[in-house]
Amino acid sequence: MTPDLIYGLTGVAVFGIGLVGALSAQDRLRRVLALKLCSVGAGFLLVVGAWREPPAAPDPVPHALVITGIVVMVSATAVALALIRRLQTLEATDER
Amino acid sequence: MSVEISPMILSVFVPLFGAIAAFVLPRAAALIGFATLVLTSGAVAWLARDVLAAGAVGLPLGGWGAPLGIDLRADGLSVAMLALTSVVGFLVSIAALDSLKGPEQARQRQYFWPLWLLLLTGMNGVYLSTDIFNLYVMIEVIALAAVGLTVLSGSRAALQAGLDYMYASIFGALLFLMGVGFVYLQLGRLDFAGLTGAAPTGALIAALALIFVGLALKTALFPLHFWLPAAHANATAPASALLSGLVVKAALYVVLRLAQYMPFPSENLLTLVGLMGAGAVIWGGVQALRAERLKLLVAWSTVAQIGLIFVAFARAGEVGLSESWKAAALLILAHGIAKAAMFLAAGRIKDEIGHDVIRDLDRTPIRPTLAQFTFALAAISLIGLPPSLGFIGKWSLMEGAMAAGYWHWVGVTMAGTLLSVAYFSRVFAGFLRFDRVRAPVGEHQGWALADAAPLTLALMAIGLGLLAAPVLSFIEIGYPFGVAP
């Protein structure tokens, strides 16, 4: 087993765990975290894909893609969290 | 070093700076918004003139050029989409002035403009992009702004719908990004030109499938449509019009574009896409028949119409793709205009009579007649009655399917048309029945200046059908399909 295969399978597994979590989670926060896990798996896969047998240097372009993906994911998570917080505030005032 | 001003740069950066300015100066937001829209529309008109004169035009940003830099390119299809966005956006903005004028809507008014201008930035960016990674970034700009517009009203239902939209959008974006990464790992290129003529290996097909599923989530193709009805039905009316008329079109456009450069790898996959579209046509139609509220009915009709566009795409198989995209593009334009008109009209009806329960539309003495007329005109285009643009789109769909001998797609289109007649008739019956009204009829006809913008859109949806030939020859400029770029 080569290192890139091991890391690649790990990436797929992490993505899969996230996907199952996102589909089955009832709690809103849990679903956001599961989607984050998915994104970690996806980033992992792309970084592994950029790996080259040393001494060759890894391909930097997929790294750049992953960094952009992380930035997008941070903003998307922030929006999702803001929505969840607002929803919880509304629900709390409705119950009172 | 000289800085060349190009209409392509203007049509992306003007709305971006407009969005920032409208956010920083909330009091002048509407003024900034309209100034931005006028400038952006001017840039699009300038670009249209260039494209008419010289065919497709390209621009390497910063002089770098592909594959290293970012290129912008505009051909007939791009400019048609830009023009759709400008015209529909402008009229929806005028309608927004009226529907967000109440004192309790100050917050909505404050955030509407920055979000909408940001949305415009993303959409114009998508229509001018020439590489798949740039597309990813622009689609994310659209997604964040669209979720913001969905929750603009601040109600619990809208927030819940917006959150579900966000989940779908995040996951779709991840699939798209993975697909982009895998395409790069296969080909070493991200620009469209580098994708042309690539051998359809298994890995490349898998990467494209990821991209397609990501886009299907974002455009709400059946069975991935679960988020759309609630999101579009619970948003405030101008936001619904933007979301249903324009936002879903961006992902559809990307599907068309990618199919131009990387033909579908097999006939079976294309048939599967058509079947998903057919599922949307039937399921969306049935759900629209069952909807209790007007805006929900209109939202389900969006699901059905998006399905129809995918049916048009698949109508004549792989060989016919060089013609089928035109039917799909016509339906995209027709739906963009008519659905924006319909959501605005539905919002006007709701504003006038205070609710949008379809069953009780005939129980009210208040008849917002002009808004109802607008709704009916938009429905004529969505059903596909001549001479509307929707009719031309459906006609070219069926013509191509018949020529190719694919009668099943003709059957699906017919069934979808019948369903749309049925569900829109539920609404018309409520407009036209007067025997259940207990108060005297006609005390309030509900004519208002606010009806002007939706009525203009609806008239355009009908009238552009008469201009279908010039529209068609315009979107063919730069030969988006058929001839290698």
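The legends below describe close-up views of a predicted model.

**View 1**
Chain B contains 18 helices and two strands. Along its principal axes, the C-alpha trace of chain B spans about 70 × 55 × 40 Å. A compact globule of 485 residues would have a radius of gyration near 23 Å, and the 21 Å of chain B agrees with this.

**View 1. Burial and contacts within chain B.**
Of the 485 residues in chain B, 60% are buried, where buried stands for 20 or more other C-beta atoms within 10 Å of a residue's own. Contacts in chain B between residues at least 6 apart in sequence were also sorted by separation: 79% of them join residues at least 24 apart.

**View 2. The contact between chain B and chain A.**
Chain A brings 25 residues to the contact, and chain B brings 23 residues. On the side of chain B that touches chain A, the elements giving two or more residues are helix 5 (132-150) and helix 6 (156-187) of chain B. Helix 6 of chain B gives the most to this side, with 17 residues. By residue class, the side of chain B that touches chain A divides into 18 nonpolar, three polar and two charged residues.

**View 3. Segments of chain A annotated as "transmembrane region".**
An unreviewed UniProt entry lists residues 6-25, 32-51 and 63-84 of chain A under "transmembrane region". In the model, residues 6-25 of chain A are 95% helix and 0% strand, with the end C-alpha atoms 28 Å apart. Over residues 32-51 of chain A, the chain is 90% helix and 0% strand, and the C-alpha atoms at the ends are 29 Å apart.

How values were computed:
Residues numbered from 1 in each chain as written. Chains lettered and ligands numbered in written order. Predicted model: local features only at pLDDT ≥ 70, side-chain atom pairs only at ≥ 80, totals over all residues. Contact = placed C-beta atoms within 7 Å. Helix = DSSP H or I, 4+ residues; strand = E, 2+ residues; numbered from the N terminus. Nonpolar A, V, L, I, M, F, W, Y, C, P; charged D, E, K, R; others polar. UniProt positions renumbered as here; feature names shortened; annotations may be inferred. Rg over C-alpha atoms; globule rule 2.2 N^0.38 Å. Buried ≥ 20, exposed ≤ 12 C-beta atoms within 10 Å, placed from the backbone.
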